[in-house]
Amino acid sequence: MKNPLLIGVPEQFETERLLIRMPLPGDGKAVYEAIQASLEPLRRWMPWAQKEQTEEETEINVREAHVKYLQRLDLRLHIFHKETGEFIGCSGLHRMNWQVPKFEIGYWIDIRHGGRGYMTEAVRGITDVAFRVLNARRVEIRCDTENVKSRAIPERLGFDLEGILRHDQFDPATRRVRDTCVFAKIR
């Protein structure tokens, strides 16, 4: 197996409407503002959104993500509108196994940009990079069974629903266990 540090992971790429790139120092303000605008829906699905962060903490998180990207430990990606430069949301390739290689795509969108197909476009592009550039054999998307908007993305993109993990996660807001859909594409 090739050392992951030597794998040529693109620092940025484009889709029709989007610029998708690694996190960079200075992105914290835009990410923080998107989180603040979207906090209520994010808290419903994202464990990390349960604790409010300051703008400074968000910037630190962005810088840590930048380092992890360079180390090939986690490939978080920031999504921007190509024409306006606005921050749209966050995605990336996570929980990677470079031996297979396989990756899991996660995502969230600034609610102010929802409903326009941006995240579907971004996930399509990220999936393409995973298979074409990183030679992935498997790409997964996992989401809560009740998260209809999140489930629609892998369904639209032709991912197969391989199964539902029952009582897989705990919801800190409702104090109940939830189920997780596992979608995948393989090559």
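**Entry 1. Glu162 and Arg138**

I began with the side chains of Glu162 and Arg138, which meet in a salt bridge with N to O at 2.5 Å. Glu162 belongs to strand β7 (residues 160–171) and Arg138 to strand β6, so this pair ties together parts that lie 24 residues apart in sequence. I note that this is a predicted model. I then looked up the exposure of each partner. Glu162 has a relative accessible area of 46%, so I list Glu162 as partly exposed. Arg138 comes out at 18%; buried means under 20%, so Arg138 is buried.

**Entry 2. Other salt bridges**

How many salt bridges are there by this rule? I find a count of 20. I looked up two more of them.

The first entry is Arg142 with Glu104, whose closest N and O atoms are 3.9 Å apart. Arg142 lies in strand β6 (residues 138–144) and Glu104 in strand β5 (residues 102–109), so the bridge ties together parts that are 38 residues apart in sequence. I have Arg142 as partly exposed, at 35% relative accessibility. Glu104 is buried, with a relative accessible area of 10%.

The next entry is Glu59 with Arg63, a side-chain salt bridge at 2.7 Å, N to O. I place both residues in helix α3 (residues 55–71), 4 residues apart, about one turn of the helix. Is Glu59 buried or exposed? At 15% relative accessibility, Glu59 counts as buried. Arg63, at 45%, counts as partly exposed.

**Entry 3. Lys185**

I located Lys185 in strand β8 (residues 176–186). Its relative accessible area is 23%, so I record Lys185 as partly exposed.

What does the side chain of Lys185 reach? I find the backbone oxygen of Leu157 at 2.8 Å. Leaving out residues up to four places away in sequence, Lys185 touches Thr127, Phe131, Arg137, Arg138, Val139, Leu157, Gly158 and Phe159. One of these, Arg138, is the salt-bridge partner of Glu162. I also checked the spacing to Arg137: Lys185 and Arg137 are 48 residues apart in sequence, and 8.3 Å apart in space, C-alpha to C-alpha.

**Entry 4. Charges over rings**

I looked up two arginines placed over aromatic rings. The charged end of Arg187 sits over the ring of Phe131, 4.2 Å from the ring centre. Phe131 is also among the residues that Lys185 touches. The charged end of Arg44 sits over the ring of Trp45, 4.2 Å from the centre of that ring.

**Entry 5. Aromatic pairs**

I searched the whole structure for aromatic pairs and found 4. Phe80 and Phe87 form an edge-to-face pair, 5.5 Å centre to centre, with 75 degrees between the planes. I looked up both rings for burial. Phe80 counts as buried at 9% relative accessibility, and Phe87 counts as buried at 7%.

Trp98 and Phe103 form an edge-to-face pair, with centres 5.2 Å apart and planes at 85 degrees. I have Trp98 as buried, and Phe103 as buried too.

Which residues do ring pairs link into a cluster? I find Trp48, Phe80, Phe87 and Trp108.

Conventions: Residues are numbered from 1 along each chain as its sequence is written. This is a predicted model: local features need pLDDT of at least 70, side-chain atom pairs count only at pLDDT 80 or more; totals for chains, interfaces and linings use all residues. Side-chain values use heavy atoms; hydrogens and water are left out. Helices (H or I, at least four residues) and strands (E, at least two) are DSSP runs, numbered from the N terminus. Buried means under 20% relative accessible area, exposed over 50%, partly exposed in between (1.4 Å probe, protein chains only). Contact means heavy atoms within 4.5 Å. A polar contact is a pair of N or O atoms within 3.5 Å; within protein, one must be able to donate a hydrogen and the other to accept it, and residues adjacent in sequence count only if both atoms are side-chain atoms. Rings of Phe, Tyr and Trp (its six-membered ring) pair if their centres lie within 6.5 Å; planes under 30 degrees apart count as stacked, over 60 as edge-to-face and the rest as tilted. A charge sits over a ring if NZ of Lys or CZ of Arg is within 6 Å of the ring centre and within 35 degrees of the ring normal. A salt bridge is a side-chain nitrogen of Lys or Arg within 4 Å of a carboxyl oxygen of Asp or Glu.
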